[in-house]
Amino acid sequence: MTREHARTVANVAIASAGVAAAYVVLTTPPLRRLAFQALRVWLGATVPAYLIMETRRAWVESSRAA
């Protein structure tokens, strides 16, 4: 088995495991609620932090251009 073929087999195995896990989470109501709650917390923490960092970076770069 070549390295390229082994990499393709590994990618297919990981992708199918991800699809199976997503199916289980989406079809089980308690897991679905937990996943959506975790998504909300993650987005609520990372998106504002990203926007603050980008605003700060833009502020610093705008003063350099002047």
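Glu-61 pairs with Arg-57 in a salt bridge, with the closest N and O atoms 3.1 Å apart. A salt bridge here is a side-chain nitrogen of Lys or Arg within 4 Å of a carboxyl oxygen of Asp or Glu. The structure holds two of these bridges. This is a predicted model: local features need pLDDT of at least 70, side-chain atom pairs count only at pLDDT 80 or more, and totals for chains, interfaces and linings use all residues. Residues are numbered from 1 along each chain as its sequence is written, and side-chain values use heavy atoms, leaving out hydrogens and water.

**Salt bridges**

- Side chains of opposite charge can pair when their charged atoms come close.
- Arg-57 also bridges to Glu-54, where the closest N and O atoms are 2.7 Å apart.
- Arg-57 and Glu-54 are three residues apart in helix α2 (residues 29-65), so about one helical turn separates them.
- Glu-61 and Arg-57 both lie in helix α2 as well, four residues apart, about one turn of the helix.
- Arg-57 is partly exposed at 42% relative accessibility; buried means under 20% relative accessible area, exposed over 50%, and partly exposed in between (1.4 Å probe, protein chains only).
- Glu-61 is partly exposed at 41%, and Glu-54 is partly exposed at 26%.

**Overall fold**

- The protein has two helices and zero strands; these are DSSP runs numbered from the N terminus, helices being H or I of at least four residues and strands E of at least two.
- The radius of gyration is 21 Å, well over the 11 Å that the globule rule gives for 66 residues, so the protein is more spread out than a compact globule.
- That radius is taken over C-alpha atoms, and the globule rule is 2.2 Å times the number of residues to the power 0.38.
- Along the principal axes, the C-alpha atoms fill a box of roughly 60 × 40 × 10 Å.

**Surface**

- Buried residues make up 0% of the 66 residues.
- The accessible surface comes to about 5,900 Å², and 70% of it belongs to carbon and sulfur atoms.
- Areas come from the Shrake-Rupley method with a 1.4 Å probe; for residues, only the protein chains shown count as cover.

**Nonpolar patch**

- Leu-26, Phe-36, Leu-39, Trp-42, Leu-43, Val-47, Tyr-50, Leu-51 and Met-53 form a nonpolar surface patch with about 920 Å² of accessible area together.
- Patch members have over 30% relative accessible area and no salt bridge; nonpolar side chains (Val, Leu, Ile, Met, Phe, Trp, Tyr) are joined within 5 Å, like charges within 9 Å.
- Helix α2 gives the largest share, eight residues.
- Phe-36 sits in helix α2 and is partly exposed at 47% relative accessibility.
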